[in-house]
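Please keep the sequence and the model in view while reading.

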Amino acid sequence: QGQGTFAAPPPPVEAGALRHLAARITPNEVMEARLALEPEFAARAAERATEADVRVLERLARATLEAPALVHYEAADDLFHYRIAQMAGNPLFLSFFEAIREVRRQASWSDHRVRALAEEDMARFGGQHAKLLDAIREKLSAVARRAMQEHLADVLATMQRQPKP
């Protein structure tokens with residue numbers, strides 16, 4: 001509410017094929033994949049982002065900082081990361097990200113993060129999104145890569161210190 005309307009990205013075409021993978025993958029394995037891929041997406045987004053891309057990313061980053069509840073944060077966070085993968089400008093990158101999103105959505109542990117996040121975690125992650133946005137806006141690909149790496153490492157550490165589902 002008060003943050004505008006954000007359309008959800010489309011589900012990946014191979015959603016059915018990912019069901020088997022989602023049943024046997026762990027949150028740590030998902031984060032390992034994200035840590036390998038998303039810093040590069042951020043670097044490419046910094047190189048390729050248009051002014052219009054940055055304006056959308058600004059709204060999404062602000063939405064993660066101003067989210068009135070966890071469900072709003074989760075939606076804005078998902079779209080923020082999706083938009084970065086999209087801004088990287090490589091359809092294969094976006095396909096990889098969509099597969100990761102779908103595995104997370106289908107996995108039996110997918111609501112663990114929602115139960116595990118505290119308000120201070122959301123605020124910290126929102127600040128990290130702002131730092132990442134700044135690097136993309138300024139077209140600093142190495143800084144964007146490092147900011148995404150640090151952000152995802154913090155997400156992983158937060159998930160690991162929280163109680164298991």
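In this predicted model, helix 3 covers residues 51-66, and its 16 residues reach 22 Å from the first C-alpha to the last, close to the 22 Å expected at 1.5 Å a residue. Its buried residues are D53, V54, L57, L60, A61, A63 and T64, and these pack against helix 2, helix 4 and helix 7.

**The chain as a whole**

- Of the 165 residues of the chain, 47% count as buried.
- Among contacts between residues at least 6 apart in sequence, 83% join residues at least 24 apart.

- Helix 2, residues 27-48, has 22 residues and reaches 30 Å between its first and last C-alpha atoms, close to the 32 Å expected at 1.5 Å a residue.
- A bend of about 30° is found in helix 2 at L35, and a proline, P39, follows within four residues.
- The buried residues of helix 2 are V30, M31, R34, L35, E38, P39, F41, A42, A43, A45 and A46, a list that takes in both the bend residue L35 and the proline P39.
- The axes of helix 2 and helix 7 come within 7 Å and cross at roughly 45°, and the two helices are therefore oblique to each other.
- This contact is made by A42, A45 and A46 on the side of helix 2, and by L132, A135 and I136 on the side of helix 7.
- N28, also found in helix 2, is partly exposed because its relative accessible area is 39%.
- Although N28 and Q160 are 132 residues apart in sequence, their C-alpha atoms are 8.5 Å apart in space; leaving aside neighbours within four places in sequence, N28 is in contact with L156 and Q160.

**Helix 4 and the residue after it**

- Helix 4, residues 70-87, has 18 residues that should span 26 Å at 1.5 Å a residue, and its end C-alpha atoms are 25 Å apart, which agrees.
- Helix 4 is mostly covered, with 13 of its 18 residues buried.
- Just after helix 4, G89 takes a positive phi of about 75°.

**F97 in helix 5**

- F97 has its place in helix 5, residues 91-106, and counts as buried because its relative accessible area is 1%.
- F97 and Y82 are separated by 15 residues in sequence, and their C-alpha atoms are 7.3 Å apart in space.
- Beyond its neighbours within four places in sequence, F97 is in contact with E38, F41, H81, Y82 and A85; of these partners, E38 and F41 are also listed among the buried residues of helix 2.

- D121 is placed in helix 7, residues 119-137, and counts as buried because its relative accessibility is 1%.
- The side chain of D121 makes a polar contact, at 3.1 Å, with the side chain of R124.
- T158 lies in helix 8, residues 141-161, and at 2% relative accessibility T158 likewise counts as buried.
- A polar atom of the T158 side chain lies 2.8 Å from the backbone oxygen of D154.
- With neighbours within four places in sequence left aside, T158 is in contact with L117, D121, R124 and F125, a set that includes both D121 and R124, the partners in the side-chain polar contact.

**K139 in the loop between helix 7 and helix 8**

- K139 lies in the loop between helix 7 and helix 8 and is partly exposed, because its relative accessible area is 43%.
- K139 has a positive phi of about 60° although it is not a glycine.
- As background, most residues other than glycine have a negative phi.

Key:
Residues numbered from 1 in each chain as written. Predicted model: local features only at pLDDT ≥ 70, side-chain atom pairs only at ≥ 80, totals over all residues. Heavy atoms only, no water. Buried < 20%, exposed > 50% of the residue type's maximum accessible area, 1.4 Å probe, protein only. Polar contact = N/O pair within 3.5 Å; in protein donor to acceptor, adjacent residues only side chain to side chain. Expected span 1.5 Å × (residues − 1). Bend = angle between axes of the 7 residues up to and from the residue. Contact = heavy atoms within 4.5 Å. Axes fitted to C-alpha atoms, helices over the stretch in contact; angles between N-to-C directions. Parallel < 35°, antiparallel > 145°, perpendicular 65-115°, else oblique.
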